Amino acid sequence: MKRIPTGSPVAILFSLFIMLLFSFAAHGEELVDASADYDTNNVFARILRGELPADIVFENEYALAFHDIKPKARVHVLIIPKGPYTNILQFNQDASADEKLGLLDAISQTARIMGVDESGFRLVINTGHDGGQTVPHLHVHLIGGEHLQ
């Protein structure tokens, strides 16, 4: 899968443009219904297809981890399954055992790579409207690197 190198000037400018675009879109983001169908044009699907850049931390056969564009702490990484799963409920019901283990491995490996495996971290999964989910693709927030309130 071809991705734009994150260190090139073009990629940096493109990333800044995307971040600016997302910051404007964030004010009008709609919340995702927990029963919503998978949207193949969501931002994470586009990252997986290489259409949008991402600052990748870890990747395996089943998951991709990358830095959040609007971090809430010193360490804020998103870990997503590569399969088309809208939320954790659908993932738990439909994902294979290998996909589930692959996502868990990606979480563990990412915590180690980011240096929060010993100090601790928080995992957050927003599901549905009341859970505050805004992207219809399962994503795990790994947050840490400082004391969290």
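Throughout this tour, a contact, or touch, means heavy atoms within 4.5 Å. What you have open is a predicted model, in which local features need pLDDT of at least 70, side-chain atom pairs count only at pLDDT 80 or more, and totals for chains, interfaces and linings use all residues. Residues are numbered from 1 along each chain as its sequence is written, and side-chain values use heavy atoms, with hydrogens and water left out.

**Stop one: Asn 42**

Select Asn 42 and show its surroundings. Leaving aside residues up to four places away in sequence, Asn 42 touches Val 135, Pro 136 and His 137. Asn 42 sits in the loop between α1 (9-26) and α2 (43-48); helices here are DSSP runs of H or I with at least four residues, strands are runs of E with at least two, and both are numbered from the N terminus. Is Asn 42 buried or exposed? Its relative accessible area is 4%, so Asn 42 is buried. Buried means under 20% relative accessible area, exposed over 50%, and partly exposed in between, using a 1.4 Å probe and protein chains only. Now display Phe 44: its backbone nitrogen lies 2.9 Å from a polar atom of the Asn 42 side chain.

**Stop two: the sheet**

Switch to a cartoon view and look for five strands forming an open sheet, in the order β1-β2-β3-β5-β4, with antiparallel pairing. Two strands pair if DSSP finds at least two bridges between them. At the edges stand β1 (56-59) and β4, each with a single partner strand, so one side of each has no neighbour in the sheet. From one strand to the next, the twist averages 20°, with axes taken as lines fitted to C-alpha atoms and angles running from 0 to 180 degrees between N-to-C directions.

Zoom in on β1 and β2 (residues 63-67), a hairpin with three residues between the strands. Three bridges hold this antiparallel pairing, and Ile 56 stands opposite Phe 66 in β2. On the next pairing, five bridges join β2 to β3, where Ala 63 faces Pro 81 in β3. Colour β2 by accessibility: four of its five residues are buried, so β2 is largely enclosed by the rest of the structure.

**Stop three: the cores**

A nonpolar core is a set of buried Ala, Val, Leu, Ile, Met, Phe, Trp, Tyr and Cys residues joined through side-chain atoms within 4.5 Å. The largest one has 18 residues, and those with the most contacts inside it are Ala 65, Val 77, Ile 79, Phe 91, Leu 103, Ile 107 and Leu 142. At least two residues each come from β1, β2, β3 (75-81), α4 and β5 (140-144). Which element gives the largest share of this core? That is α4, with four residues. Another core, of 11 residues, lies apart from it and includes Ala 54, Leu 64, Phe 66 and Ile 80.

**Stop four: Val 116**

Finish in the loop between α4 (97-113) and β4 (121-124), where you will find Val 116. At 1% relative accessibility, Val 116 counts as buried. Not counting residues up to four places away in sequence, Val 116 touches Val 75, Ala 111, Phe 121, Leu 142, Gly 144 and Gly 145. Val 116 and Leu 142 are 26 residues apart in sequence, with their C-alpha atoms 9.5 Å apart.

Terms used:
A polar contact is a pair of N or O atoms within 3.5 Å; within protein, one must be able to donate a hydrogen and the other to accept it, and residues adjacent in sequence count only if both atoms are side-chain atoms.
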